[in-house]
Amino acid sequence: MADKLGLVLSGGGAKGAYQVGILKYMSEVGIQPDEVSGTSIGALNASVVCAQKDVSEAAVCLELIWKQLATIPPLQLERNKFLTTVSLLSNLIPAAKISSIVIACNSLKGVFDFSKDVYNFFSKGHEQKEEYNSYLENQETNIYKSEPIIDLLNNYSPPDKILKGLPLYVGVYKSDGNLMDSLNYILASKLGFRNKDSEFWHLQNLPESTIQNAIIASAALPFLFKAKAVDGVKYRDGGIGGAFEQQGNTPVQPLIESGCTHLIVSLLEDGSFFDRHKYPNTTIIEVRPKDFISESFTDMVAFEPEKIDKWMEQGYEDAKRCIGNSLSAIKLKNIKNQSALLRDQSLSLLDSDDFEIN
Amino acid sequence: MNSNEVLSNSGIELTEELLKEAPAHLTDKMIVDLVNGIEVIDDQIKVSKSRTSKFERFRDSFSGRSKHRQDLINDNLAKCMDNTRVWLQNHDYEIASINLAITKIADKLLETRSGVMKLNNKHNDLADSVILLAQKVDDKNKELFSYIRDVDLRTRADRQLDRVIAKWQAGGYRQVNAYTTVYMVLDTLKNNDFGLYLQHSNANSKDKLDMLLHLKDALQNQLCTELSIPSNSFHQNIGKFSTHELANDFEKLNQANTLSLNYLSDWSCKHTEPNTWLLHQLTEDSLNKSCSKSILDEIPNKIRINRWFNRITDENIHSRSILNGR
């Protein structure tokens with residue numbers, strides 16, 4: 001089987017800038033993937049990689065995009081109203097996390113008010129969950145608008161280019177409603193419960209009109225973005241599924257199923273539970289942050305120039321170390337094998353040269 | 001001592017057969033799992049160390065994250081160790097292969113060096129033979145050149161003898177009597193090619209004696225002809241010549257010829273070359289017009305021709321050339 005390299009870009013919100021650094025390093029050393037997959041912010045980055053001619057152009061393009069992201073008004077939050085509250089409460093008990101979201105949302109006047117409903121949800125029992133979800137979906141529960149993202153996608157990875165580009169897979173999560181998705185995610189990622197897995201879509205197999213929605217769905221974090229309906233079904237950020245072991249957030253599975261023998265996996269979480277040993281037949285290089293990539297919960301939405309620059313730099317250095325060390329070791333092994341072959345050939349010639357002095 | 005001998009002496013049995021059992025193939029995946037697995041371990045340890053508060057530790061324990069993290073560390077560590085084992089086995093295998101290769105090359109080098117030494121010895125033997133051969137060729141050349149020179153000298157001597165006898169026969173010495181002619185002929189031969197042959201030729205004594213005998217025969221024949229004596233009875237002949245007549249002949253000779261004769265014979269000694277000395281004295285007397293009477297008084301009036309011939313020949317050529325030449 002011929003070697004096939006896949007690039008996996010996991011989700012992590014604003015930390016996605018880290019992946020620009022990885023792509024810059026790959027471009028420098030001439031590593032070109034055959035396929036690419038992504039979830040959440042990774043899906044947005046992956047769509048640009050897919051649509052551009054090669055990794056070099058994608059790296060240049062993504063750097064430009066990320067510099068722009070920091071200046072787009074809808075992505076700049078009012079900290080005093082929302083995120084500072086969430087940040088302060090981010091390390092409290094899981095139940096408090098829900099409360100923190102509720103409090104945060106309460107603080108956003110004009111967005112929606114559902115603290116009472118949350119109380120009702122817990123007090124009335126699960127039989128009312130579907131009804132409640134329906135209620136929530138009818139509210140404008142998103143903080144960010146999708147339009148700026150759609151504009152960027154239209155500019156840098158339009159569907160027609162994606163159809164002609166590298167095979168692209170994105171991770172999406174079939175939504176159970178804003179609150180349930182959040183709850184399930186928190187229970188899985190923080191308390192060790194198992195939630196359902198995400199799905200992976202091969203975008204080139206979708207109708208052209210659906211491609212953009214699929215990418216936006218893959219990046220639709222609960223509360224921050226609206227869920228995206230595809231064929232009448234609402235989907236959210238793929239990072240929600242299989243949260244404990246990063247099944248959805250690290251979309252390795254579709255690339256392995258499509259026959260990738262080698263993978264470069266970008267992880268945007270410190271101490272990610274992604275487990276390479278679940279894929280015994282695939283050679284996987286994980287690019288993990290050496291220093292902490294995330295200082296607080298709010299980093300996920302910290303689209304700030306300083307942080308973006310720092311993450312891009314960090315991604316480059318980590319890629320240089322993680323990919324570089326592995327490649328150096330393999331290169332050395334190949335040189336050793338080739339030199340051993342030459343040695344054996346020379347010895348064979350020496351054996352058969354009929355040298356004789358009588 | 002080659003490698004096999006070294007190994008047999010050391011008790012080690014190292015053969016290529018042993019290397020047929022190769023260790024597990026070291027795949028790219030193993031290398032990546034080892035090198036990159038360390039990154040995973042570092043990442044998990046980093047996060048684990050950051051969990052400093054009791055609440056965080058409790059939360060991680062409660063959620064199973066702590067155990068899962070430790071499991072990941074353990075799994076990666078175990079995999080890294082196992083891959084390290086395979087890598088080290090591969091290294092050992094390669095080192096063994098390299099050692100065997102070096103041993104083989106060393107054996108070949110030994111064989112080559114031994115061959116070169118043999119070649120060198122053969123070369124040296126050949127060089128000695130060539131030097132010997134060159135020496136022989138040189139000797140042969142010298143011998144040949146010497147032989148050619150001797151032949152040349154002999155030829156020149158023969159020719160000179162022939163020319164001198166021919167000159168005599170042609171009357172080239174008619175100014176002087178036959179006895180003086182014998183001396184002049186001997187002196188001419190002695191100081192030219194004939195003398196060179198006798199003095200410098202490497203020809204053996206027998207050849208030189210033969211040459212002398214040939215000379216004596218030729219002179220004797222011509223003298224016999226001049227004196228009208230049958231040459232076949234020359235040695236039995238008892239004819240004598242008068243020393244007074246000889247002296248008178250010198251007085252008739254012109255002064256230039258007398259001076260020449262006097263000069264040519266001034267080397268002679270009364271005791272060792274008495275006949276030549278006599279000629280010298282007679283020319284001396286003729287030139288001085290004085291004491292010739294007294295010289296004639298000291299020598300016999302008559303001298304036997306054949307004895308005189310033998311002696312003057314010996315005085316001029318035989319004794320000085322052959323004996324001195326030896």
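Guide: Let us look at helix H10 of chain B, in which B:Asn275, B:Thr276, B:Trp277, B:Leu278, B:Leu279, B:His280, B:Gln281, B:Leu282, B:Thr283, B:Glu284, B:Asp285 and B:Ser286 are buried (20 or more other C-beta atoms, placed from the backbone, lie within 10 Å of the residue's own). This is a predicted model, in which local features need pLDDT of at least 70 and side-chain atom pairs count only at pLDDT 80 or more, while totals for chains, interfaces and linings use all residues. Residues are numbered from 1 along each chain as its sequence is written, and chains are lettered from A and ligands numbered from 1 in the order in which they are written.

A helix here is a DSSP run of H or I of at least four residues, numbered from the N terminus. H10(B) is mostly covered, with 12 of its 15 residues buried. Just after H10(B), B:Lys289 adopts a positive phi of about 55 degrees.

For the setting, consider how chain B meets chain A. In all, 30 residues of chain B are in contact with 26 residues of chain A, contact being C-beta atoms, placed from the backbone, within 7 Å. On the chain B side, the elements giving two or more residues are helix H2 (28–50) and helix H4 (65–169). H4(B) supplies the largest share, 14 residues.

How values were computed
Two residues are in contact if their C-beta atoms, placed from the backbone, lie within 7 Å.
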